[in-house]
Structures are given as C-alpha cells and as structure tokens.
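Welcome! Open your viewer, get your selection tool ready, and follow along one stop at a time.

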Amino acid sequence: MIDLIKKLPKAELHLHIEGSLEPELMFRLAKKNKIDIPYNDIEDVRKAYDFSNLQTFLDIYYAGAKVLVTKDDFYDLTWEYILKCVEENIVHTEIFFDPQTHTERGVPFTAVITGIKEALADAKEKYGITSCVIMCFLRHLSQEDAFVTLEEAMPFKEDIIGVGLDSSELGNPPSKFKEVFKKAKEAGFKLVAHAGEEADYSYIYEALDLLNIDRIDHGVQSINSPELMTRLKNEQMPLTVCPNSNIELRVFDTYKDHNIKELLDYGLNISVNSDDPAYFKGYVNQNFINLCENLPITEDDIVTLVKNSFRASFIDDELKEKYLAQVDLALQ
Ligand code: ADE
Ligand code: ZN
C-alpha cells in the first residue's frame, strides 16, 4: 500500500505555503532578518506544535510567518516545498498564500507573489511540476480589508488563478465575504473557501450559495447533513480534505474517527492534502499512510483519491487527461 501511495503521481490542492515553513528555515530566516522567535532550538519548536484547536495553531503559524520578509525568503520557502513535491511525487500543486499576513507587517505584496512565482517557474523548468496560486483572504479581518487585498492582486491576475478564504472559521462565516467574492468572480478568479472545518455545515451551505465557490476546503462537517451530502455528490463538488490537520487540530480525536472513508464511499469528490505540513507532522504521502494504517482504505480508494486530486484541480482538460493517463501508467 505504501509503495502504491509513493509511486502514484499526485496533485495537491490544499497547501498553505506559509504552513510549509520548516523549523530549520524559520531559524535561518529569523537570524538573517533579525526577527525574534520564541524558540531556543528545533526541539523547542516541536514541543510548541501541540494544538488544541484551529486558533491555537493559527497563533503559532502567524508568529512563524514573521520571519518571511524579502522576495528571496518567499522564493526559498516555496522552493523547499517544491523539493518535497519531488520526493512525494506531487506533479501538480495549487498553492495558497495569505498576503495579508505579510502586507500587514509592511512586506510588499509584490515581494510575496514574485518570490512564490519565480520558485514555481523554476519548478516547472527543472522538474516539470505544474502549479497554480490561490490568494486567501483572512476571514478574521474585515471584508473591507479583503477588498483592498483584491485590488492589490489585480496587477498579478495572470499569476493568481483564484481566491480563497482561511484563518479563524468560527464566528467568521462565508456570508461576511459575499461582496468581495462576487467581485473576484466578476474579475475571473476561481473561488474556493475553507468551510466546515471546525464550524458546522451551515458554513458549507453559505460558501456554496452565497460565495458560489468552485471547491470546498475541508468540508468534513458535511457528514452531519444528509441533504448536503446528496447535493455534494450530485454536483461532484470537490472537498480538499486534510487528515493530519484534522487530527492535529482535534477536529477528530483519532485517525480511526476520521470520516474520509465514509465521505468517499458515499461518492463525494474527495482528495487528500497536507494543509500545513511543517506543522502537522507530514506531507501528502504521510497523510495517506496514516489513513491506510487506521481505516479500511483499499487500493481502489487510493487510486480514486489520487485521481480526484487531478479531476478537482484547476488545470485544463488536456493536462488533466495527461496526468490521469500517467496515474494509469504507474498502476500497470
Ligand atoms: N490557515 C492555514 N491553515 C489553515 C486551516 N487549516 N484552516 C484555516 N486557516 C488556515
Ligand atoms: Zn487550510
């Protein structure tokens, strides 16, 4: 099973680039940029990565992101993730970034997007890895702030395929961002949103009906509404599920309690993703392995999950077919 996971080419659709900041790079950038971090050594960092919910994680994640200052820092961050993609056999990736986390500190939007895009261009040239970039609005901030960020993104429209919604979910429902998502859609962006991660399934309905999203990030709370499950199945609305994240943030107590197998068996379009791999103990393959070790996941399930990662991606049909054929070839 582990061999199968490793050998299949995969796409990743839910990865916060700031969440791929490994402690080693955090220390190196903190020293270079003279930024204080509240850790003495790597051991200290690992100990701090013990979360009780989404917010306790976000507090540490935003503190870590402060070491990212220059365009080169964003290049290095993205390049290190690309090297993981090579190890993991991820051939296509759709990367989230949180511009407001950086622009709030005075880092120019241009530095962030340019560093990321240059690393992704090199990834294509050196390894053939294809990618898209999705800009997320921080939902704990206002819709007005999101409008400002959307404006800042306009000169980079060619570089950014879509907009998303992340950060503190509880108390910040999708409805808060209805107008800015409408404007983003009119501007031609694809739309995604974190919904039904910690908050109940009403947030998923809002994301579908008020934001008109193309894909749901997490969405695991949909299991509590039979009516929603039917709708998601009929529409084949993709859910980018992140098992390690859900365990680390206590959405489920253990891997054995995770509902991904039920969602998949019901016929939903589910993929497996790493969310914030530097914080949640592993990249995509480790997410698959943890599922296989704890749930009755079959080889057919793995193939379906992997194929869904391409089907739910924002690449064109021709490239999709090419990648799906590569999966079939790897299976032979
Ligand atoms: N930002 C980074 N990871 C996140 C998650 N799992 N949920 C919401 N916002 C995030
Ligand atoms: Zn996420």
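The tour below begins at the ligand, moves to the space around it, and ends at a pocket.

**Before you click.** This is a predicted model, in which local features need pLDDT of at least 70 and side-chain atom pairs count only at pLDDT 80 or more, while totals for chains, interfaces and linings use all residues. Residues are numbered from 1 along each chain as its sequence is written, chains are lettered from A and ligands numbered from 1 in the order in which they are written, and side-chain values use heavy atoms, with hydrogens and water left out.

**Stop 1: the ligand.** Select ligand 1 and show the residues near it (a heavy atom within 4 Å). Among those surrounding it you will find His-16, Tyr-61, Asp-166, His-194 and His-218. The shell has four nonpolar, four polar and four charged residues. Here Ala, Val, Leu, Ile, Met, Phe, Trp, Tyr, Cys and Pro count as nonpolar, Asp, Glu, Lys and Arg as charged, and the others, Gly among them, as polar.

Now colour helix 4, residues 54-65, which gives the most to this shell: four residues. (Helices are DSSP runs of H or I with at least four residues, strands are runs of E with at least two, and both are numbered from the N terminus.)

Stop 2: Which side chains have an N or O atom 2.7 Å from a nitrogen atom of ligand 1? Select Asp-275 and Asp-276. Taken alone, ligand 1 exposes 260 Å², and the protein buries 100% of that (Shrake-Rupley method, 1.4 Å probe).

**Stop 3: the cavity.** Hide the ligand: the space it takes is the largest cavity. A cavity is a set of points on a 1 Å grid over the protein atoms alone where a 1.4 Å probe fits but cannot get out, and lining residues have an atom within 4 Å of a point. About 100 Å³ of space lies in it. Of its 15 lining residues, those closest to the centre are His-16, Leu-54, Leu-58, Ser-167 and His-194. Helix 4 gives the largest share of the lining, five residues.

**Stop 4: the largest pocket.** A pocket is an open set of points with protein on both sides within 12 Å along at least five of seven lines. The largest one has a volume of about 160 Å³. Select Lys-117, Ser-131, Cys-132, Glu-158 and Asp-159, the closest to its centre of 13 lining residues. Finish by colouring helix 7 (109-127) and strand 3 (130-138), which each supply at least two residues of the lining.

Conventions. A polar contact is a pair of N or O atoms within 3.5 Å; within protein, one must be able to donate a hydrogen and the other to accept it, and residues adjacent in sequence count only if both atoms are side-chain atoms. A molecule sits in a cavity or pocket if more than half of its atoms lie within 2 Å of its grid points. Grid points are joined across faces, edges and corners, and a volume is the space filled by probe spheres set on the points.
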